[in-house]
Amino acid sequence: MEKILCTYARFSCGIVYEIQFKEIVDRFRETFSFYYKSCNCDLDTTTDATISLVEDAYEGVIDSEEKCIHSSHSKNRKYLLNGDSYTQKDASLYACKREEEDLIYYYIRKTQTKIVVDLTQKIVKLSGGDLYNTLVYVYETLLNINIEHNGGILLHSACCIYNDKGYLITGHSGGGKTTLMFNLLKKGGCFHSNDRVAVFNEDGYVAYSLHHHITFK
């Protein structure tokens, strides 16, 4: 087993993996190196949470104790990235959930993905046919939960420093956030972060980036 430490905005997550999943972890580190710090670490390194990539997260296959794991009650059709679609009533064909004391089991039928969450140990075990996307989803879910638990919010925005002031630029996708930020950089501004920014209220609003943070009074 190997382990990396992945950190951002005061959240530390250990990613433990069996050697056959090294390419998946390396891909994750390379893809998100612009957002999160990561380094190799010892297996006993303490973290806020742990994600473990294993051959089989739990024995057997669960059947859901609920109709589906989705909280939405919408009757509209939902579309997946691969083009498949389904309605709320048959969502259980895609995902199942079962709870047993401090353990929560998930099973994604189509990819045979298994996930088990140990609430006591703060460990999430993953296995199945779509491990990279599952790793990304689980890590960012844990990150959001941690940020919100500590009174912050993760914003889809760009951020830079211009004339000794911090500028947080928000807006819808394609609205020009990055363009506006780079225009400020061309005029002497200093890059802070792009696409996502964790913001906390700490005697003024503090925006975290990969290497530093700034305070908005």
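Tutor: In this predicted model, a residue is called exposed when its relative accessible area is over 50%, and buried when that area is under 20%.

Student: Is glutamine 112 buried or exposed?

Tutor: Glutamine 112 sits in the loop between strand S8 (103–108) and strand S9 (113–118). Its relative accessibility is 54%, and the cut-off to pass is over 50%. Because of that value, glutamine 112 counts as exposed.

Student: Which phi does glutamine 112 have?

Tutor: Most residues other than glycine have a negative phi. Glutamine 112 is not a glycine, and yet its phi is positive, at about 55°.

Student: Where does asparagine 163 lie, and what is its phi near?

Tutor: Asparagine 163 lies in the loop between strand S12 (157–162) and strand S13 (165–170), and with a relative accessibility of 58% this residue counts as exposed. Asparagine 163 is a residue other than glycine, and its phi is a positive value, near 55°.

Student: Is lysine 177 buried or exposed?

Tutor: Lysine 177 belongs to helix H3 (residues 177–186). Leaving aside neighbours within four places in sequence, lysine 177 is in contact with residues including His156, Ile169 and His172. Its relative accessibility is 8%, and the limit for a buried residue is under 20%. Lysine 177 therefore counts as buried.

Student: What distance separates the C-alpha atoms of valine 61 and isoleucine 108?

Tutor: Valine 61 is in the loop between strand S4 (49–53) and strand S5 (78–79), and is exposed, with a relative accessible area of 51%. Valine 61 and isoleucine 108 are 47 residues apart along the chain, and the separation of their C-alpha atoms is 9.8 Å.

How values were computed
Residues are numbered from 1 along each chain as its sequence is written. This is a predicted model: local features need pLDDT of at least 70, side-chain atom pairs count only at pLDDT 80 or more; totals for chains, interfaces and linings use all residues. Side-chain values use heavy atoms; hydrogens and water are left out. Helices (H or I, at least four residues) and strands (E, at least two) are DSSP runs, numbered from the N terminus. Buried means under 20% relative accessible area, exposed over 50%, partly exposed in between (1.4 Å probe, protein chains only). Contact means heavy atoms within 4.5 Å.
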